[in-house]
Every structure is written in structure tokens, then in C-alpha cells.
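Reader: Could you take me through one part of this structure up close? I'd like to look at the space inside and what surrounds it.

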Amino acid sequence: MTRPQLTHIQIDNYGPWTVEPEPRREMDLQTLQSRLFADIAQFVGSRDGYAFFTRFDNMVAVTNGLDQADHELLQESVGNRYPISVSLGTAVDPVPIEALEGATQRVQAAGSAQDRARREVLGGEYRPPEAGDVSIAHFDVNDATGKYTDRLNEFDSFIRIEQAYASLMRYMREAHGALSFFVGGDNVIAIVPEMTESEYQEAIDHVSDDADVELKVGVGFGPTPHDAGIDAKHALEDCRYDGTRVEFAGEDH
């Protein structure tokens with residue numbers, strides 16, 4: 001059984017900080033957010049985890065293999081390098097959305113995101129990699145370059161890809177409790193429970209009907225997000241080579 005460990009990362013008191021003592025320059029805020037995400041992604045990635053920016057003031061990481069000491073070090077690193085601090089909640093569950101719910105509750109129980117007294121919350125449960133695999137699904141758009149990038153202006157291409165992402169994100173969350181994240185270009189990475197080939201095909205068909213965008217997906221498993229993600233990338237390459245829509249890592253061809 002897959003058992004993803006999810007960490008909810010939330011900047012402490014960020015909203016008020018952006019406007020006090022007066023509103024800060026928007027590009028300065030965008031720069032801080034992007035650099036913070038890059039540093040968190042590098043920290044988590046160096047330990048074989050995955051991080052996703054979501055709304056930037058809130059981020060989600062898949063942290064199988066990271067323990068409490070790793071999370072404490074992440075908080076310390078952010079506190080030493082930035083004018084803000086972060087709170088972290090972590091939970092484990094076979095269904096990714098349930099793990100994220102548990103992680104979020106640990107942060108919320110300590111106070112509001114705009115509570116001046118709440119700072120560097122750290123709470124949750126941590127599981128070693130051998131306690132259960134992670135499953136990663138890597139989706140991308142069929143011939144995005146030919147259909148969109150080389151034919152449309154960038155904004156209209158962006159709209160088409162975002163429509164597909166929104167459709168997939170909502171469907172996977174509601175139907176399977178999966179968490180899907182746009183990672184650039186025409187790629188979406190999903191943290192998923194155990195799903196069958198037909199269930200992935202149904203998700204792809206839904207996006208085709210709902211957003212008129214064709215997808216394919218490679219699925220991988222492993223003790224860490226990195227291991228599962230690499231397997232998913234190889235499975236996606238099998239889709240490209242064989243012209244298939246759904247491939248699982250390790251299947252014979």
C-alpha cells in the first residue's frame with residue numbers, strides 16, 4: 001500500500017507583513033516568493049522529496065524519507081535567510097488528500113496564518129521510506145508544441161494548458177483523493193493512491209471531454225518521491241515511444 005507523507009508549508013503572518021508599515025513593491029514580493037520556493041524545493045529535493053508551490057505563501061511537499069530533524073533544519077534555514085518564518089505540519093495516509101488534511105490541521109490548530117503570535121509551528125508524524133511506497137503519476141499533453149506552442153500566442157497556449165490542468169486537478173482530487181500540481185510546460189505531477197489503468201484512462205477521458213485536451217500518463221512507485229518520479233518519467237517515455245495513453249513503470253513491452 002502506498003503511504004505518502006505530506007508536509008504543508010505556510011509562511012507565518014505573511015499577509016500583514018506585505019503591507020506593513022506600508023505596501024511593499026509587488027516585484028520584490030514575487031522575487032521573495034520565487035526564491036523561497038526554489039530554496040525549499042532544493043532542500044526537499046536534495047533529500048529525495050518533491051515540493052510544489054501552490055499559492056507560494058502556502059506550499060505542499062511530499063516528504064517520505066524526511067524526519068523531524070530535517071523539518072527543523074528547513075525552518076532554521078529559512079529563518080536565517082529570509083525576513084519571514086514558516087510553519088510546517090506533516091501527516092501520512094494512503095489517500096494523499098487525507099494526509100494533506102492532517103498536515104494542514106496541525107498548522108491551523110496552532111493559530112491563524114495571520115496570527116502574529118504564531119511562529120514556526122512544527123508538528124506531525126514522520127515515517128521512514130521502508131514504511132510504504134509513494135506513487136507518482138506524471139501527465140503531459142499530447143503534442144503540446146505542435147498544437148499550441150508553435151501555433152498560438154503564449155497567453156492562449158497558457159489558457160489551454162491551464163484549462164486541462166484545472167480539469168485534471170479537480171477530477172483527480174474528487175474521484176481519487178489525489179493531489180495534482182502543474183510543474184511547468186505542459187506537465188502535471190500527481191501524488192496518487194493506488195489506481196488501476198482503467199481509472200487513469202477515465203481521468204484522461206474526462207479531461208478530453210471537459211477541456212478538449214488530450215493527455216497521457218506514466219505511473220511510478222518507490223520508497224521516496226524521487227524514486228517514484230523517475231519511474232513515472234520512464235513510463236511516460238514508454239507512452240511516447242509506443243503511442244499509448246497509460247503506462248506503469250516496470251511493465252514489459
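Author: About 50 Å³ of space lies in the largest cavity, and keep in mind that this is a predicted model. The structure holds one cavity of 30 Å³ or more. So who sits around that space? Now look at which elements they come from. Both β6 (134-141) and α6 (154-176) give at least two residues to the lining, and α6 has the largest share, with four residues.

Let's step over to the sheet. Five strands make an open sheet with mixed pairing, and their order is β2-β3-β1-β4-β5. At the edges you'll find β2 (50-52) and β5 (122-124); each has a single partner strand, so one side of each is left without a neighbour in the sheet. Going from one strand to the next, the twist averages 15°.

Strand β4 (residues 86-92) runs parallel to β5, and three bridges join the two. You can pick out one of the pairs there: T90 has G124 in β5 as its bridge partner. Helix α4 (residues 96-108) packs on the sheet as well, where it touches β1 (5-11), β3 (58-62), β4 and β5. If you compare directions, α4 makes about 140° with β4.

Notes. Residues are numbered from 1 along each chain as its sequence is written. This is a predicted model: local features need pLDDT of at least 70, side-chain atom pairs count only at pLDDT 80 or more; totals for chains, interfaces and linings use all residues. Side-chain values use heavy atoms; hydrogens and water are left out. On a 1 Å grid over the protein atoms alone, a cavity is a set of points where a 1.4 Å probe fits but cannot get out, and a pocket is an open set with protein on both sides within 12 Å along at least five of seven lines; lining residues have an atom within 4 Å of a point. Grid points are joined across faces, edges and corners, and a volume is the space filled by probe spheres set on the points. Two strands pair if DSSP finds at least two bridges between them. Axes are lines fitted to C-alpha atoms, for helices over the stretch in contact, and angles run from 0 to 180 degrees between N-to-C directions. Contact means heavy atoms within 4.5 Å.
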